[in-house]
Amino acid sequence: MSRPDLREEVRAHYARAASLLADHTDQPELSRRDSACCGPATGTAASCCGGGLETDATFGAGLYSAVEQGQLPVAAVAASLGCGNPMLVAELREGETVLDLGSGGGIDVLLSARRVGERGFVYGVDMTEEMLALARANAATAGAENVEFVRGVIEDLPLPDAAVDVVISNCVINLSPDKPAVLSEVYRVLRPGGRVGISDVVAEDRLSPAERAERGSYTGCVAGALSRREYLDSLAAAGFVDAEVRFTHAAGDGIHGALIRAVKPGG
Ligand SMILES: C[S@@+](CC[C@H](N)C(=O)[O-])C[C@H]1O[C@@H](n2cnc3c(N)ncnc32)[C@H](O)[C@@H]1O
């Protein structure tokens with residue numbers, strides 16, 4: 001499949017997930033089951049990503065603490081389609097400017113907005129209109145004023161050079177058909193000394209791309225996962241230093257949720 005076709009397949013998949021989430025804000029568990037997104041293959045027919053997305057310790061809202069969940073509207077928590085918690089590596093400070101790649105229903109933008117405070121600001125970029133609408137509704141419910149959700153692709157970010165202090169993301173880079181472009185865009189929009197603190201699905205180095213594809217679909221965040229070595233090499237090729245990829249929990253045979261950090265030199 002060509003890169004534009006693959007990205008369109010991902011967009012359509014998450015548009016469906018967002019519509020289901022928006023239709024069932026009063027029944028979050030129902031919407032989460034039906035909109036299943038990231039996860040290893042289990043053969044569940046209803047799943048749009050090859051696996052059921054339940055609130056557990058592998059994917060979704062279960063990866064956030066009770067305190068974090070309690071800080072947000074129920075619908076924003078229910079809309080979590082991630083595979084980790086980037087707050088654990090981002091180490092956000094008051095007054096910082098943050099960018100969330102593939103912000104989905106907005107959970108990490110809203111948590112970041114609380115951490116950076118009114119002197120800080122958080123952008124969420126997503127290519128899926130339905131997700132942006134869901135995120136804007138969740139931000140309005142949360143009363144967050146230091147946030148903006150912008151339509152765009154992470155391979156060509158709609159932000160100027162050196163615009164942000166921190167780039168976060170949750171379970172999105174694996175979905176990109178052009179990961180070198182994403183990392184070079186992340187490098188461009190970060191200020192010198194800025195940092196990356198993200199979560200993503202990452203494969204063990206022993207798994208070939210074909211073996212990753214056997215374990216889960218592309219839209220389900222498994223087939224497109226980089227291996228740990230590939231992630232580190234790609235970050236270095238984009239110019240980042242002090243990179244680390246740490247597996248946090250198993251998400252399948254040789255497939256893991258991982259926290260990734262790196263720094264743009266200078267500053
Ligand atoms: C697995 S969901 C994660 C959403 C959110 N980060 C979370 O944790 O709930 C992936 C999100 O990334 C967006 N996305 C995927 N590929 C993208 C791309 N190439 N450019 C922009 N957004 C993308 C999708 O529209 C979707 O909202």
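Ligand shell first. I sorted its residues by class and got 14 nonpolar, nine polar and four charged. This is a predicted model, so I keep in mind that the shell total uses all residues, whereas local features need pLDDT of at least 70. In total, 27 residues surround the ligand. I noted the closest ones: G82, G102, G104, T128 and N170.

The top contributor is α1, which gives three residues.

I checked α7, the helix at residues 129-142: its axis and that of α1 come within 7 Å and cross at roughly 35 degrees. The crossing of α1 past α7 is left-handed. On the α1 side I listed Y14, A15, A18, S19, L21 and A22, and on the α7 side E130, M131 and L134. Sorted by class, that contact comes out as seven nonpolar residues, one polar and one charged.

Then the core. How many residues does the largest nonpolar core have? I get 80, and L110, V167 and V201 are the ones with the most contacts inside it. I picked V167 to follow up. Leaving out residues up to four places away in sequence, V167 touches L99, L101, V186, L190 and V196. As background, nonpolar side chains in soluble globular proteins tend to be buried together.

For the overall picture, I counted ten helices and eight strands in the protein. Of its 267 residues, 53% are buried. I also looked at contacts between residues at least 6 apart in sequence, and 67% of these join residues at least 24 apart.

Last entry: R151, which lies in strand β3, residues 147-151. Is R151 buried or exposed? R151 counts as exposed because it has 12 C-beta neighbours inside 10 Å, and the cut-off for exposed is 12 or fewer. I still found contacts for R151 beyond four places in sequence: D126, M127, E129 and L132. One of these, D126, is 25 residues from R151 along the chain, yet their C-alpha atoms are separated by 5.3 Å.

Note on methods:
Residues are numbered from 1 along each chain as its sequence is written. A residue is near a molecule or strand if its C-beta atom, placed from the backbone, lies within 6 Å of it. Helices (H or I, at least four residues) and strands (E, at least two) are DSSP runs, numbered from the N terminus. Ala, Val, Leu, Ile, Met, Phe, Trp, Tyr, Cys and Pro count as nonpolar, Asp, Glu, Lys and Arg as charged, and the others, Gly among them, as polar. Axes are lines fitted to C-alpha atoms, for helices over the stretch in contact, and angles run from 0 to 180 degrees between N-to-C directions. A crossing is left-handed if the near helix is turned anticlockwise from the far one by less than a right angle, and right-handed if clockwise. Two residues are in contact if their C-beta atoms, placed from the backbone, lie within 7 Å. A nonpolar core is a set of buried Ala, Val, Leu, Ile, Met, Phe, Trp, Tyr and Cys residues joined through C-beta atoms within 7 Å. A residue is buried if 20 or more other C-beta atoms lie within 10 Å of its own, exposed if 12 or fewer, and partly exposed in between; C-beta atoms are placed from the backbone.
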